[in-house]
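I record here, entry by entry, what I looked up in this structure. The entries follow the order in which I consulted the model.

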Amino acid sequence: FEERARLYYELGNLELESENLEKAMQYPNCPVDVYIMFGDNCIGKKDYHKAIKCLDIGVSLFPSDSRLYHMRSVAKVNIGQRKSALKDANKAIILDEDRFEFYSIRSAIYETLGSKGLAKRDADKALELENRVNEKEI
């Protein structure tokens with residue numbers, strides 16, 4: 001199921017991907033990437049509640065995977081759960097402090113909470129990390 005879901009994901013067939021990912025998540029030892037793909041799929045379709053439900057399960061099974069917290073923070077901020085989204089963004093950064101996208105979402109959350117100084121700090125950090133990634137690719 002996971003391989004088929006990845007193929008559909010690459011082809012952009014979101015409905016088929018969603019169906020296969022839901023089936024894959026029902027099996028024991030389902031890899032974390034399935035939860036990440038399904039969460040990403042739901043966020044892409046603006047089904048934030050479904051994304052959060054899936055990512056909650058993923059976090060319970062893989063509590064050390066920073067990507068799950070990051071994605072859940074994206075879903076939560078989109079439904080107005082800013083303080084909870086901030087907790088998830090903080091956890092993602094604690095687990096992996098080198099991902100520029102983690103600082104970008106936290107910056108956006110701080111901005112919505114009115115913490116301009118913290119938002120700027122994180123935006124600057126995100127830019128610094130993104131520049132490092134771009135330099136490595138050259």
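**Entry 1: Serine 73**

I located serine 73 in helix H5; helices (H or I, at least four residues) are DSSP runs numbered from the N terminus. The model is a predicted one, in which local features need pLDDT of at least 70, side-chain atom pairs count only at pLDDT 80 or more, and totals for chains, interfaces and linings use all residues. Residues are numbered from 1 along each chain as its sequence is written, and side-chain values use heavy atoms, with hydrogens and water left out.

**Entry 2: Helix H5 and its partners**

I looked up how H5 (residues 66–78) packs with helix H6 (residues 82–95): the angle is about 160°, and the axes are 8 Å apart. Axes are lines fitted to C-alpha atoms, for helices over the stretch in contact, and angles run from 0 to 180 degrees between N-to-C directions. That angle makes H5 roughly antiparallel to H6; under 35 degrees counts as roughly parallel, over 145 as roughly antiparallel, 65 to 115 as roughly perpendicular and the rest as oblique. I noted the crossing of H5 and H6 as left-handed, that is, with the near helix turned anticlockwise from the far one by less than a right angle (right-handed if clockwise). Among the H5 residues that meet H6 are Tyr69, His70 and Ser73, and the H6 residues they face include Ala85, Asp88 and Ala89.

I next consulted helix H4 (residues 48–61), which packs with H5 at an angle of about 155°, with axes 9 Å apart. That makes H4 roughly antiparallel to H5. H4 passes H5 in a left-handed crossing. The residues of H4 in this contact include Tyr48, Ile52 and Leu55, and those of H5 include Leu68, Met71 and Ala75.

**Entry 3: Lysine 46**

I found lysine 46 in the loop between helix H3 (32–44) and H4. Lysine 46 is exposed, with a relative accessible area of 62%. Its phi is near 60°, a positive value in a residue other than glycine. Most residues other than glycine have a negative phi.

**Entry 4: Helix H8**

Helix H8 (residues 116–137) has 22 residues and spans 31 Å from first C-alpha to last, close to the 32 Å expected at 1.5 Å a residue; the expected span is 1.5 Å times one less than the number of residues. Which residues of H8 are buried? I listed Ala119, Asp122, Ala126 and Leu129. Seen down the axis of H8, these buried residues fall within an arc of 100°, so they line one face of the helix; the arc is that of the directions from the helix axis to the C-beta atoms. They pack against helix H7 (100–112). On the other side of H8, Lys116, Gly117, Lys120 and Glu135 are exposed.

Aspartate 122 is buried, with a relative accessible area of 1%. Not counting residues up to four places away in sequence, aspartate 122 touches Tyr103, Arg106, Ser107 and Tyr110. Arginine 132, also placed in H8, counts as partly exposed at 37% relative accessibility.

Technical notes
Helices (H or I, at least four residues) and strands (E, at least two) are DSSP runs, numbered from the N terminus. Buried means under 20% relative accessible area, exposed over 50%, partly exposed in between (1.4 Å probe, protein chains only). Contact means heavy atoms within 4.5 Å.
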